[in-house]
Amino acid sequence: MHRWLARNPGFHRHLVVPLDRDLQDLNSLQETARNWNCDWLALSRMDQTGRRAKLLDLLDRLPLPVSLVGDVSWPDGEPSIASAGALMDLM
C-alpha cells in the first residue's frame, strides 16, 4: 500500500509538521518526506510556538512548498492555503 501511494503521481502527499515541536525532535522529517514522496508541507500549531521564524530553519531542511497553514489567529481558525505574504506576516 505504501509503495503504491508513494509512487502514484495522481496524489499530492502533504507532510504535516507541527511547529510547536523542537526542530531537533523532527530530524526524521527529511527521511519521512522522501519515503512517502511528499510534495507539499502542511504546517500546524503555529500559534503554539514561541518562535515562528523557525519556519525558515524548517524550509532550509525540507525544500518543499508550503501548501496549508493551521493557526487559530488566521480567519476562522481553520487551515488556510498558504501564501508567501501571509507566511511572512505570521513570522
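Modeller: In this predicted model, the buried residues of helix H3 are Lys54, Leu55 and Leu58. They lie on the same side of H3, because the arc they cover around the axis is only 110 degrees. In general, an α-helix has 3.6 residues a turn, so residues three or four places apart point the same way. The cover over the buried residues of H3 includes S1, H2, S2 and H4.

Leu58 is among the residues with the most contacts inside the largest nonpolar core, together with Leu15, Val17, Leu43 and Val69. That core has 20 residues. The elements giving two or more residues to it are S1, H2, S2, H3 (54–61), strand S3 (66–69) and helix H4 (84–90). Leu43 is in contact with both Leu55 and Leu58. Beyond its neighbours within four places in sequence, Leu43 also touches Val17, Leu19, Val66, Leu68, Val69 and Gly70.

S1 (residues 14–18) and S2 (residues 40–44) run parallel and are joined by five bridges. In this pairing, Pro18 of the chain stands opposite Ser44 in S2. Together with helix H2 (residues 29–35), S1 and S2 make a right-handed β-α-β unit.

The loop between helix H1 (2–7) and S1 holds Asn8. Asn8 counts as buried because its relative accessibility is 18%, where the cut-off is under 20%. Asn8 is 29 residues from Asn37 in sequence, while their C-alpha atoms are 9.3 Å apart in space.

Of its 91 residues, 35% count as buried. Among contacts between residues at least 6 apart in sequence, 65% join residues at least 24 apart.

A word on confidence is also needed. The mean pLDDT of the protein is 78, and 89% of the residues reach 70 or more. Confidence is highest in S1, at a mean of 86, and lowest in strand S4 (residues 80–81), at 72. Where pLDDT is low, the predicted coordinates should not be read in detail.

Notes
Residues are numbered from 1 along each chain as its sequence is written. This is a predicted model: local features need pLDDT of at least 70, side-chain atom pairs count only at pLDDT 80 or more; totals for chains, interfaces and linings use all residues. Side-chain values use heavy atoms; hydrogens and water are left out. Two strands pair if DSSP finds at least two bridges between them. Helices (H or I, at least four residues) and strands (E, at least two) are DSSP runs, numbered from the N terminus. A crossover is right-handed if, with the strands pointing away from the viewer, the path from the first strand over the helix to the second runs clockwise. A nonpolar core is a set of buried Ala, Val, Leu, Ile, Met, Phe, Trp, Tyr and Cys residues joined through side-chain atoms within 4.5 Å. Buried means under 20% relative accessible area, exposed over 50%, partly exposed in between (1.4 Å probe, protein chains only). Contact means heavy atoms within 4.5 Å. The arc is that of the directions from the helix axis to the C-beta atoms. pLDDT is the predictor's confidence in each residue, from 0 to 100.
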